[in-house]
Amino acid sequence: MPLLKAEGVTAGYGDTEILRDVHLEVGEGEIVSLIGPNGAGKSTLMKTVFGLVHPRQGSIRFRDTEIAGRSPYDIVKEGMCYVPQVANVFVQLTVEENLEMGGYLLEERELAGRKEQVYELFPKLRERRRQRAGKMSGGERQMVAIGSALMLEPALLLLDEPSAGLSPKLVDEIFENIRRINATGLAVLMVEQNARKSLEMAERGYVLAGGQNRVEGSGAELLNDPDVARLYLGG
Ligand SMILES: Nc1ncnc2c1ncn2[C@@H]1O[C@H](COP(=O)(O)OP(=O)(O)O)[C@@H](O)[C@H]1O
Ligand SMILES: [Mg+2]
């Protein structure tokens with residue numbers, strides 16, 4: 001059984017339909033990459049999976065639970081966490097406080113142990129634990145956002161453009177971190193502008209354009225598809 005399975009999803013904002021009959025699957029422990037041009041509906045699909053946008057039609061199953069129409073609060077409890085594209089940290093709070101916010105469902109006695117695990121994964125966060133997130137660089141903030149999402153030990157992590165606006169060196173660092181997180185057994189569904197890099201790392205990928213599925217396959221298949229390369233990977 002896939003971890004996540006979306007089928008026939010139609011969703012949008014108000015009267016505007018953005019996604020039409022979209023499908024997507026993420027298996028246990030997989031990295032799946034969602035690519036496509038600006039305005040394709042990638043962020044809308046992530047928000048729909050996470051319950052921030054309610055689909056008009058279709059099914060979204062997480063393990064064996066139907067989550068279409070459920071709230072993000074419920075969906076988090078099922079084991080999914082989401083790092084949005086923007087505004088993904090509390091700028092006034094320190095790194096440690098951000099992690100504690102991420103762990104809001106944990107008991108006090110679980111919190112310390114889980115923070116420790118996140119610090120082990122990202123030692124830089126431990127060094128900076130007393131610093132305010134608002135004073136940190138883009139790359140460090142992204143690490144805080146991801147670390148906070150990991151506090152509840154999700155089975156699936158949704159990442160919307162984790163490397164947006166970062167220098168090439170930091171992009172590599174973020175990708176390395178995603179690889180490391182995935183190695184702990186966590187499945188990752190990510191949207192990435194660095195489509196080539198993300199497909200190199202992904203088991204499978206989906207191309208979304210105009211709110212519809214266009215192409216899907218293994219990361220290697222998409223990288224080697226001349227049409228995908230020309231249209232979506234910049235030649
Ligand atoms: N909150 C919103 N209200 C109305 N339209 C929106 C909203 N967010 C996004 N859109 C529209 O939905 C379409 C898809 O946007 P988005 O999902 O952000 O695409 P992508 O992430 O692929 O760039 C765009 O036309 C965008 O203008
Ligand atoms: Mg987007």
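**Figure 1. The second largest pocket of this predicted model has a volume of about 180 Å³**. Eleven positions are shown in the close-up, and the pocket is lined by Arg114, Gln117, Val118, Leu121, Leu150, Glu153, Pro154, Ile181, Thr184, Gly185 and Leu186. Helix H4 supplies the largest share of this lining, with four residues. By residue class, the lining of the second largest pocket comprises six nonpolar, three polar and two charged residues.

**Figure 2. The largest pocket has a volume of about 470 Å³**. Its lining is formed by 20 residues, and those nearest the centre of the pocket are Tyr82, Phe90, Gly102, Tyr104 and Ala149. Two or more lining residues come from each of helix H2, strand E6 (80-83), helix H3 and helix H6. The lining of the largest pocket divides into 16 nonpolar and four polar residues, with no charged residue.

**Figure 3. Tyr73 and Tyr104 form a tilted aromatic pair**. The count of aromatic pairs in the model comes to two. In the pair shown, the ring centres of Tyr73 and Tyr104 are 6.5 Å apart and the ring planes stand at 40 degrees, so the arrangement is classed as tilted; planes under 30 degrees apart would count as stacked, and those over 60 as edge-to-face. Tyr73 belongs to helix H2 (residues 72-78), whereas Tyr104 lies in the loop between helix H3 (95-102) and helix H4 (108-121), so the pair ties together parts that are 31 residues apart in sequence. Tyr104 is also one of the residues nearest the centre of the largest pocket.

**Figure 4. Ligand 1 is shown with the residues that surround it**. The shell consists of Tyr13, Ile18, Pro37, Asn38, Gly39, Ala40, Gly41, Lys42, Ser43 and Thr44. Helix H1 (residues 42-49) provides the largest share of the shell, three residues. Of the shell residues, four are nonpolar, five are polar and one is charged.

Figure 5. On its own, ligand 1 has 560 Å² of accessible area, of which the protein covers 58%.

**Figure 6. The largest cavity has a volume of about 30 Å³**. Lys124, Leu125, Arg128, Met136, Glu140 and Met143 line the largest cavity. Helix H5 (123-127) and helix H6 (138-150) are the elements that give two or more residues to this lining. The lining residues of the cavity divide into three nonpolar and three charged, with no polar residue. Helix H6 also gives two or more residues to the lining of the largest pocket.

Methods
Residues are numbered from 1 along each chain as its sequence is written. Chains are lettered from A and ligands numbered from 1 in the order in which they are written. This is a predicted model: local features need pLDDT of at least 70, side-chain atom pairs count only at pLDDT 80 or more; totals for chains, interfaces and linings use all residues. Side-chain values use heavy atoms; hydrogens and water are left out. On a 1 Å grid over the protein atoms alone, a cavity is a set of points where a 1.4 Å probe fits but cannot get out, and a pocket is an open set with protein on both sides within 12 Å along at least five of seven lines; lining residues have an atom within 4 Å of a point. Grid points are joined across faces, edges and corners, and a volume is the space filled by probe spheres set on the points. Ala, Val, Leu, Ile, Met, Phe, Trp, Tyr, Cys and Pro count as nonpolar, Asp, Glu, Lys and Arg as charged, and the others, Gly among them, as polar. A residue is near a molecule or strand if one of its heavy atoms lies within 4 Å of it. Accessible areas come from the Shrake-Rupley method with a 1.4 Å probe; for residues, only the protein chains shown count as cover. Rings of Phe, Tyr and Trp (its six-membered ring) pair if their centres lie within 6.5 Å; planes under 30 degrees apart count as stacked, over 60 as edge-to-face and the rest as tilted.
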